[in-house]
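Subject: Structure handover

Hello,

Here is the structure for you to look through. My notes on what was found follow below it.

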Amino acid sequence: MKKLISQFGLGFAGVLPVVVMASEPMLDTGDTAWVLTATALVLMMTIPGLALFYAGMVRKKNILSTMMHSLGSAAVVSVVWVVIGYSLAFSEDSMNAFIGGLDYVMLHNIRLEELDGSIPKLLMVMFQLTFAIIAMAILAGSLAERIKFGSFMVFAGAWTLLVYVPVCYWVWGGGWLTGDALDFAGGTVVHINAGVGGLVLAYLLGSRRDYGKSNLAPANLTLTLIGTGLIWVGWFGFNGGSALGANGHAVMALITTQVAAAVGAITWLMAEYMKRGKASALGGASGAVAGLVGVTPAAGFVDVFGAMAIGVLTALGCFVMIYYVKKRLGVDDALDAFGLHGIGGVIGAILTGVFVSPTLYPEVANVPLLEQLWLQIEGVIATLVYGAVMTFIIGVIIKKTMGLRVDAEEEYQGLDLAIHGEKIAD
């Protein structure tokens, strides 16, 4: 299976089209147009989607600084990716199971007309870049309202290179998990990776000084709901674009994405109403995102029933994590990056092995359920352990050198004014 994936130049494990053998790959303008569109949609998920989603959940004095994390991620990760990240994640001739080679440093050796499957290889570079960007921006949600901006930017570059890139290579680039642990669009690579990274760095940062003592209510949930809408629509590019073509897998990914988000929102609202007697706007947004996260590794592999089941179970799992387990962890995961993306990614990755359809993905027809489940769990454990250990090492080094956290006065004043010299007018 790994050889088939490499043969057709597909970046995402298991996304195999109907095979028509040809001596040379040919450019498909329809596929190229769709992936171009999907690339723009995924970037929109971060700027402005995730920037608004997170900004609405912090206090007014930290709105701009929180949005700057998304903008900063887009800037730093873009440079790291084109300089060396893409090469280490997707060099085809690497014989190493854990990291790629240096063939494409500064995108050297990639010709304008060179193809990856039926699309230009340079388009694949850009499409994959948007995934790396949003992974870092998701992680930033755990760090809101207390991290130094300079330290964040250094961490973003180091984390992308040392954590995101290796896991991307393992799962999608031909590494030791490629073709075994099914991940259609980033359950392990993006969401588990970002979630556990956020949790570990939040632990190193420590809780906000008034966490659990003062009212930390969101400043403007209107921003969060607008961000949710942009993220939801952008997710069609995230999941649908991961078919790498305008084909049936892309269409199925769009349908399953929509259904999972919808049932995730409904499930969360119902659970919240049973717990609190009210169904909140933030709850609806959280449920939709949980459903989207859960279906991401499964989007092109499951039918509508599978998508609905994943959406419900992921939303319930994330709800329990945020409402019942989070406080017991003793870590201030400020905007629930781990609670939504880490836990949602774990649940979705495992359930992909349960609900994968042999009709949509014939490769699993002869694979026993328990064997596929183990392959999924193996990918989850590897990502959690590697991501946690490497994030801890990077975080400790930055903490000992630059420092991670603003001082008490700056935190009290608000990071918008203290760090950026700007604030939202009263």
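In these notes, a residue is buried when its relative accessible area is under 20%, exposed when it is over 50%, and partly exposed in between. Please keep in mind that this is a predicted model.

Take L244 first. L244 has a relative accessibility of 6%, so it counts as buried under the 20% cut-off. It sits in the loop between α7 (221–240) and α8 (248–276). Most residues other than glycine have a negative phi, and most peptide bonds are trans.

S242 lies in that loop between α7 and α8 too. Its relative accessible area is 0%, so S242 is buried. The C-alpha of S242 is 8.5 Å from the C-alpha of A253, eleven residues away along the chain.

M106 is another non-glycine residue with a positive phi, about 55°. You will find M106 in the loop between α3 (63–90) and β1 (115–116). Is M106 buried or exposed? At a relative accessible area of 58%, M106 is above the 50% cut-off and therefore exposed.

There is also a cis peptide bond. It runs from I47 to P48, with omega near 15°. P48 belongs to helix α2 (residues 29–55).

Helix α6 covers residues 187–205, 19 residues in total. From first C-alpha to last it reaches 26 Å, close to the expected 27 Å at 1.5 Å a residue. α6 is mostly covered, with 18 of its 19 residues buried. After α6 comes G206, with a positive phi near 90°.

Helix α11 covers residues 337–355 and has 19 residues. Its reach is 25 Å from first C-alpha to last, again close to the 27 Å expected at 1.5 Å a residue. α11 is mostly covered as well: 15 of its 19 residues are buried.

**The nonpolar cores**

Which residues touch the most other members of the largest nonpolar core? They are W81, Y164 and F238, in a core of 107 residues. Helix α4 (residues 121–139) gives the largest share of this core, 14 residues. A second, separate core has seven residues, including A260, A298, A307 and L351.

Leaving out residues up to four places away in sequence, W81 touches Y86, A89, F90, V125, Q128, L129, A132, Y164, V165 and C168. Note Y164 among them. Y164 is also listed with W81 among the residues that touch the most other core members.

**A nonpolar patch on the surface**

Now the outside. Y203, W374, I381, V385, V389, F392, I393 and I397 form a nonpolar patch on the surface. Together they have about 800 Å² of accessible area. Where does the largest share of the patch come from? Helix α12 (residues 369–401) supplies it, with seven residues.

V389 is one of the patch residues, and it is placed in helix α12. V389 has 44% relative accessibility, which lies between the 20% and 50% cut-offs, so V389 counts as partly exposed.

**Where to look**

To follow these notes on the model, start at the loop that holds S242 and L244. Then go to W81 in the largest core, and end at the patch that includes V389.

Best wishes

Conventions: Residues are numbered from 1 along each chain as its sequence is written. This is a predicted model: local features need pLDDT of at least 70, side-chain atom pairs count only at pLDDT 80 or more; totals for chains, interfaces and linings use all residues. Side-chain values use heavy atoms; hydrogens and water are left out. Helices (H or I, at least four residues) and strands (E, at least two) are DSSP runs, numbered from the N terminus. The expected span of a helix is 1.5 Å times one less than its number of residues. Buried means under 20% relative accessible area, exposed over 50%, partly exposed in between (1.4 Å probe, protein chains only). Patches are made of residues with over 30% relative accessible area and no salt bridge: like charges are joined within 9 Å, nonpolar side chains (Val, Leu, Ile, Met, Phe, Trp, Tyr) within 5 Å. Accessible areas come from the Shrake-Rupley method with a 1.4 Å probe; for residues, only the protein chains shown count as cover. A salt bridge is a side-chain nitrogen of Lys or Arg within 4 Å of a carboxyl oxygen of Asp or Glu. A nonpolar core is a set of buried Ala, Val, Leu, Ile, Met, Phe, Trp, Tyr and Cys residues joined through side-chain atoms within 4.5 Å. Contact means heavy atoms within 4.5 Å.
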